[in-house]
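You asked for a colleague's reading of this model before it is discussed further. My remarks are set out as numbered points, to be read beside the sequence and the coordinates.

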Amino acid sequence: MSSLSFADKACRLCITAATVDFDNNLLHWCELEEFDTTFISYNYDDRHYIHELNALKQGLGVSESYAVIAYYPSRIPDPECRYASSMRVLVHLADQTVQVLSASHGTDHKRHIVKRRVGAGLGTGDRLDFGYRAYSYPGMSPGFAESDLDNYDPVATEIAWTRTLSVLQSGFQKHLDLEKTWEGIEQGKCPAQGHSDPCSE
């Protein structure tokens, strides 16, 4: 992960996954980057989980916002779904079959779940033709962005995280402290690799 640092005050960020044993390197790195970071584990109790997510909004002012990064979601929104302009949505998909929650059609307003194979994206960068921003990573398996898993891939992680940071920057309306970023790179800080080796590998 590129060491991109925000110049302004900490932003509220929640990382969530369907496991209690999550990559501590990522959590620590987010805290170093001055994100007000919280981790929430999905324990398959939907009511409790939703309650914890809603608690993220407590204490925020009218013009303030928060971000959620979810790992291993069980399904993705319908590719034709379009969100309000006030929301920034980004989805990273490995080379896998994924469940898609279809939009409601007709008079019954029922939503259906279908399975789809994630294919290669359009043009450079593997951008998917979705109503929201989404990318595929051909050849990658789920877990490619977690340094403590066998499927970890530092190159794909670097690309995915740079894209994520761009969305966070836009959503929080923050400017990046590029001097601090380059100082971190010069000092050999490269969280994408989970250790202190130079980022030029």
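The points below go from the basis of the model to its overall make-up and then to individual elements.

1. Basis. This is a predicted model, in which local features need pLDDT of at least 70 and side-chain atom pairs count only at pLDDT 80 or more, whereas totals for chains, interfaces and linings use all residues. Residues are numbered from 1 along each chain as its sequence is written, and side-chain values use heavy atoms, with hydrogens and water left out.

2. Overall make-up. The protein contains four helices and eight strands, where helices (H or I, at least four residues) and strands (E, at least two) are DSSP runs numbered from the N terminus. Read from the N terminus, the order of elements is β-α-β-α-β-β-β-β-β-β-α-α. Of its 201 residues, 35% count as buried, buried meaning under 20% relative accessible area, exposed over 50%, and partly exposed in between (1.4 Å probe, protein chains only). Among contacts with a separation of 6 or more, 60% are between residues 24 or more positions apart, a contact being heavy atoms within 4.5 Å.

3. The three-stranded sheet. Strands β2, β1 and β3 form, in that order, an open sheet with parallel pairing, and strands are taken to pair if DSSP finds at least two bridges between them. Its edge strands, β2 and β3, each pair on one side only. Neighbouring strands of this sheet are turned by 20 degrees against each other on average, with direction ignored; the axes behind such angles are lines fitted to C-alpha atoms, for helices over the stretch in contact, and angles run from 0 to 180 degrees between N-to-C directions. Between β1 and β2, which run parallel, there are seven bridges, and Ile 15 has Phe 39 of β2 as its bridge partner. Helix α1 packs on the sheet, touching β1, β2 and β3, with its direction at about 155 degrees to that of β2. Helix α2 (residues 46-54) also packs on the sheet, touching β1 and β2, and its direction makes about 175 degrees with that of β2.

4. Ile 15. This residue of strand β1 (residues 11-17) is buried, with a relative accessible area of 0%. Leaving aside neighbours within four places in sequence, its contacts include Leu 26, Leu 27 and Cys 30, as well as Phe 39 and Ile 69. Ile 69 is 54 residues away from Ile 15 in sequence, yet their C-alpha atoms are 4.8 Å apart.

5. Helix α1. Which residues of α1 (residues 24-32) are buried? They are Leu 26, Leu 27, Trp 29 and Cys 30, and because they cover an arc of only 165 degrees around the axis (taken from the directions from the helix axis to the C-beta atoms), they lie on the same side of α1. The exposed residues Asn 24 and Leu 32 are on the face turned away from that buried side. The buried residues pack against β1, β2 (35-41), β3 (66-71) and α3 (154-172). After α1 comes Glu 34, with a positive phi near 70 degrees.

6. Strands β4 and β6. Strand β4 (residues 75-77) pairs with β6 in the parallel sense over three bridges, and Val 100 in β6 is the bridge partner of Ile 76.
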